[in-house]
Protein chains: 2
Amino acid sequence: MTAPKTVAIPDDLCEVKVTDLAKVRRARKNMKPSEAVLLLAETFRALGDPNRLRLVHALARDELCVCDLAAALTMSQSAVSHSLRVLRQLRLVRSRKDGKTIYYRLDDEHIERLLGDGFEHVEEQL
Amino acid sequence: MTAPKTVAIPDDLCEVKVTDLAKVRRARKNMKPSEAVLLLAETFRALGDPNRLRLVHALARDELCVCDLAAALTMSQSAVSHSLRVLRQLRLVRSRKDGKTIYYRLDDEHIERLLGDGFEHVEEQL
DNA sequence: CTAACATATGAACGTCTGTTCAGATGTACG
DNA sequence: CGTACATCTGAACAGACGTTCATATGTTAG
């Protein structure tokens, strides 16, 4: 295709060998704002822990309190609480207080779809 | 609701205080096999790094070679290569060789939907 | 063959992460 | 008030992670 050459990438300081400058420009144009990228990365990372993933999956079906989550997943109450905090801060789950106990559920329906797509993708390669 | 009591959870050794045994049983019944959970967690974790996420997002539009990815995202070639390996091993991206250069693209269309849902969720809270 | 190029790889290093443990906070009940 | 309960929090530590640097592999052109 295009002859390889060294180019100064617009909007940037760095010089790199580039194969297809048009594609590079298009990719740059298409980039999401870094706020969105960073927040989404954080969100995926939150789901990237087996225990937090199981928590979210459990909450996709039922509203559950902390101790029942701990019992269901065989985790310590403290570990559950720490994990839920991460999920809460990223608005993956939401909590409701009823007396002493606090019930958690998914924050919105995007999360459920995210899990659904994820499991679909993963179950194809088992 | 049900009076709190200490119960031996079936299928398990651990004893915990439980608020609603029925819910706990249902949650346990609904659990995904741990293979699937672990693989999906790995997958989400792979997407949980800003640079890998940007790589995947770039590849959602265009097939790109390693050096163009490096140029577009202002990353070192080595970092791109290491990141792509992780994504490749989890079948998030696929590679095609053409002479010296190797072109990467998304492995299947689930990935694109995953990103789409993710950005949708995230962009609501900016 | 050698030189130039595109990509991959391994080791090393500082940083981040998840769990555990001990204790703090807040709530209900007598 | 004090006790029992449900949850949260902070410190600490082992293990995992992402980048960089130097180098290896593999490919094309001369």
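In this predicted model, 57 residues of chain B are in contact with 57 residues of chain A. The largest share comes from α2(B), with 11 residues.

Next up are the strands, starting with chain A. Strands of a sheet pair through backbone hydrogen bonds, and they can do so in a parallel or an antiparallel way. In chain A, three strands make an open sheet, lined up as β3-β5-β4, and the pairing is antiparallel. The edges are taken by β3 (64–65) and β4 (93–98) of chain A, each of which pairs on one side only. Between β3(A) and β5 (residues 101–106) of chain A there are two bridges, and these two strands run antiparallel. One residue to look for here is A:Cys65, whose bridge partner in β5(A) is A:Tyr103.

Over in chain B, strands β4 (residues 93–98) and β5 (residues 101–106) pair in the antiparallel sense over six bridges. Within this part of chain B, B:Val93 sits opposite B:Leu106 of β5(B). The strands β4(B) and β5(B) form a hairpin, with two residues between them. In the turn of that hairpin, B:Gly99 has a positive phi of about 70°.

Conventions: Residues numbered from 1 in each chain as written. Chains lettered and ligands numbered in written order. Predicted model: local features only at pLDDT ≥ 70, side-chain atom pairs only at ≥ 80, totals over all residues. Pairing = 2+ DSSP bridges. Helix = DSSP H or I, 4+ residues; strand = E, 2+ residues; numbered from the N terminus. Contact = placed C-beta atoms within 7 Å.
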